[in-house]
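Thanks for coming. I have one structure to go through today, and I will keep it short. Please take a look at it first.

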Amino acid sequence: MKKILALLLVSLLAACTSIVKVEGDQVINNRMAVKLTDAWNKVDLPGNKQPFDVWTQEGLTIDHLRFWAAVGNNQEMMKRPPGASVPQGGKAARLPTYVAGMQSDQLVSLFENLYAADGSIVTMNKVEPAVFAGEKGVRFEFAVTRKSDDVQLRGVGWVAVKKNELFAATFVAPRLSFFPRLLPKAESVVKTAQIKG
């Protein structure tokens with residue numbers, strides 16, 4: 001019965017989901033500009049306004065490119081999904097929260113915790129200095145075993161801080177065919193990122 005209710009909820013949300021084709025020059029949260037050479041699908045889930053933009057090539061269960069622009073001090077990196085369960089007699093797990101002054105390893109941990117928030121298993125594989133959106137930052141690679149279906153995913157992320165605001169991007173897709181095929185498209189967008197103001 002629970003599976004049937006879950007499928008009905010997913011179907012209902014999918015019917016209300018807004019998907020818009022985006023291409024050319026785009027601005028994220030009025031603070032970060034990117035240029036798209038390939039069209040992407042921007043996804044807005046109803047009643048679930050996240051502090052990041054979500055774009056996809058093949059659909060959210062296959063791939064996603066997320067952008068965070070101008071995340072402020074003590075701001076959560078994600079919102080708790082509607083209907084998220086809390087252990088009986090307990091309290092909800094703390095969501096990954098950016099705090100000004102975090103070191104590079106702490107910034108990367110934010111994303112490890114973000115992708116593990118639903119119970120998925122996340123392994124960080126590589127962290128190295130990089131330039132993102134014109135600022136010194138880090139690039140990191142990770143693997144995710146998705147809890148809902150045990151699919152093996154690969155991910156890459158970029159994060160930098162300017163004037164105590166966090167700017168970041170992550171790209172995630174199934175590791176065998178979609179990740180290697182779609183990563184160049186994601187990287188071509190990420191390379192154009194520029195902070196405004």
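Start with the contacts. Taking contacts between residues at least 6 apart in sequence, 51% join residues at least 24 apart. Bear in mind throughout that this is a predicted model.

Now the secondary structure. The protein has three helices and 11 strands. Reading along the sequence, the order is α-β-β-β-β-β-β-α-β-β-β-β-α-β.

Next, burial and surface. The protein has 197 residues, and 39% of them count as buried. Its accessible surface is about 11100 Å². Carbon and sulfur atoms account for 54% of that area.

What is the phi of A70? It is positive, about 60°, and A70 is not a glycine. This residue sits in strand β4, which covers residues 64–71. Is A70 buried or exposed? Its relative accessible area is 12%, so A70 counts as buried, the cut-off being under 20%.

The second case is D150. Here too phi is positive, at about 60°, and the residue is not a glycine. Where is D150 found? D150 is in the loop between β8, residues 135–145, and β9, residues 152–162. The relative accessible area of D150 is 55%, so D150 is exposed, since exposed means over 50%.

To put the two together: A70 is a buried residue in a strand, whereas D150 is an exposed residue in a loop.

Note on methods. Residues numbered from 1 in each chain as written. Predicted model: local features only at pLDDT ≥ 70, side-chain atom pairs only at ≥ 80, totals over all residues. Heavy atoms only, no water. Helix = DSSP H or I, 4+ residues; strand = E, 2+ residues; numbered from the N terminus. Buried < 20%, exposed > 50% of the residue type's maximum accessible area, 1.4 Å probe, protein only. Contact = heavy atoms within 4.5 Å. Areas by Shrake-Rupley, 256 points an atom, 1.4 Å probe, with all protein chains shown as cover.
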